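Here is a friendly walk through one protein model and its ligand. Have the sequence and the 3D view open side by side as you read.

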Amino acid sequence: MPLVGMAKRAKILGTGHYVPPHVVTNQDLEKRMDTTDEWIQQRTGIQERRWVEGEVGATDLAVIASEEAIRAAGLEAKDIDAIIFATLSPDLNFPGSGCLLNDRLGINGVPSLDIRNQCSAFPYGLEIADAFIRAGVYRHVLLVGSEVHSTGLDVSTAGRDVAVIFGDGAGAVVLGPSDVESEGVLTTIVGADGRFARELWTELPGSRCQPRISVQGIEEGRHFPKMNGREVFKHASRKMPELVREALNRCDLTTKDIDLLIPHQANLRISEMVQRALDLPDDRVFNNIMRYGNTTAASIPIALDECVRNGRLKAGDLLAVTAFGAGFTWGAALIRF
Ligand code: UT7
């Protein structure tokens, strides 16, 4: 239902998440490539991740997370006015997964926008949803991040630096206009720098290649994600705390005002560096990368839903989120619950 003429900021009305049941431990990966549980835990903090089995796509995970978020918001699917679907692992090359999700939720006709901002997708999606709601374009926006990485990874030793990191999962939030001025999305910051596009990328299939995918391309492994881990690490650990400080400054707040920080779950070492840079105690930072690995667009909304459900986030709390990833892209947000 359009909200013409109103300018209320967006608030999160409900959250949900879903991860596939199949657990893949570091020991499982030891059997498939030259790696060790010790290396993975020391360098990333990851103990296990979830990987889909059989033909399961990003939309299959997103449906369950979305239904949970809609229920938690006290709404029904027919109350959703727009979908923003964030993924780098869409079910199909086109059409976007948002279209598939609208059909699965039985809300055919609802505008469905796919966004591709990788690990920074949650702040990007939040900024778009907040703008839609403030402008009175839509009342209830479903923002879902969902990834199936496992079907696209090189699980041989050649791809071990990337393969051990990524996990499958989906997280969703429903946003709507806030009735209380002090509540909701206080600010969002997003940015990108394409000079670094090749530092973390998957080249094929791509429209600049003729043909878009070939046996030679596959044999060369150009359809697998490639990452310059050290370069990404360096930029991520510097940029993520910087963004939080900038967001706080904009709102005349300080790090002491943060009740909970959810950093994008890229690497536990990055999260710890962000925490130290912001001088936050352990009970003000939430990490779940140990259990799920890096789920890219899904990582912040999965963590957010866990925090809402386990009581880590309460009404009135100030939540900060911060993210960095392929593109390079980055983003942060402050949300008053
Ligand atoms: O979500 C946003 C996107 N991603 C990120 O933010 C990830 C950022 N980067 C990272 O998290 C880290 O760079 C990694 C975890 C990917 C790698 O950790 P690192 O400490 O930067 O290791 P490295 O790439 O410098 O590799 C060190 C060694 C190399 O061996 P040599 O050349 O020293 O003999 C690698 O070949 O570790 C080797 N290595 C592995 N060994 C065992 C790389 N991957 C593995 C592995 N198991 N899985």
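Let us begin at the ligand. There are 23 residues around the ligand, and T35, R43, R230, N267 and N294 come nearest. Please keep in mind that this is a predicted model, so treat the distances below as values computed from predicted positions.

| Residue | Protein atom | Ligand atom | Distance |
|---|---|---|---|
| G229 | polar backbone atom | nitrogen | 3.1 Å |
| H264 | polar side-chain atom | oxygen | 2.9 Å |
| N294 | polar side-chain atom | oxygen | 2.7 Å |

Next come the helices. Two packed helices are described by the angle between their axes and the distance between the axes. Helix 8 spans residues 229-250 and helix 9 spans residues 268-278; their axes are 9 Å apart and the packing angle is about 40°. Helix 8 and helix 9 are therefore oblique to each other. The crossing of helix 8 past helix 9 is right-handed. On the helix 8 side, the contact is made by F233, A236, S237, M240, P241, V244 and R245, and helix 9 contributes R269, I270, M273, V274, A277 and L278. Sorted by class, this contact holds 10 nonpolar residues, one polar residue and two charged residues.

A second pair to look at is helix 3 (residues 58-72) with helix 4 (residues 97-104), whose axes cross at roughly 50° and come within 10 Å. That angle makes helix 3 oblique to helix 4. Here, too, the crossing is right-handed. From helix 3, the residues T59, D60, A62, V63 and S66 meet S97, L100, L101 and R104 of helix 4. By class, the contact between helix 3 and helix 4 counts four nonpolar, three polar and two charged residues.

Finally, some backbone details in the loops deserve a look. P205 sits in the loop that runs between strand 9 (200-201) and helix 7 (215-219). The bond from Q210 to P211 is cis as well, with omega near -5°, and P211 also belongs to the loop between strand 9 and helix 7.

Further along, D252 has a phi near 55°, a positive value in a residue other than glycine. D252 is found in the loop between helix 8 and strand 11 (260-263).

Notes. Residues numbered from 1 in each chain as written. Predicted model: local features only at pLDDT ≥ 70, side-chain atom pairs only at ≥ 80, totals over all residues. Heavy atoms only, no water. Axes fitted to C-alpha atoms, helices over the stretch in contact; angles between N-to-C directions. Helix = DSSP H or I, 4+ residues; strand = E, 2+ residues; numbered from the N terminus. Parallel < 35°, antiparallel > 145°, perpendicular 65-115°, else oblique. Left-handed = near helix turned anticlockwise from the far one by under 90°. Contact = heavy atoms within 4.5 Å. Nonpolar A, V, L, I, M, F, W, Y, C, P; charged D, E, K, R; others polar. Near = heavy atom within 4 Å. Polar contact = N/O pair within 3.5 Å; in protein donor to acceptor, adjacent residues only side chain to side chain.
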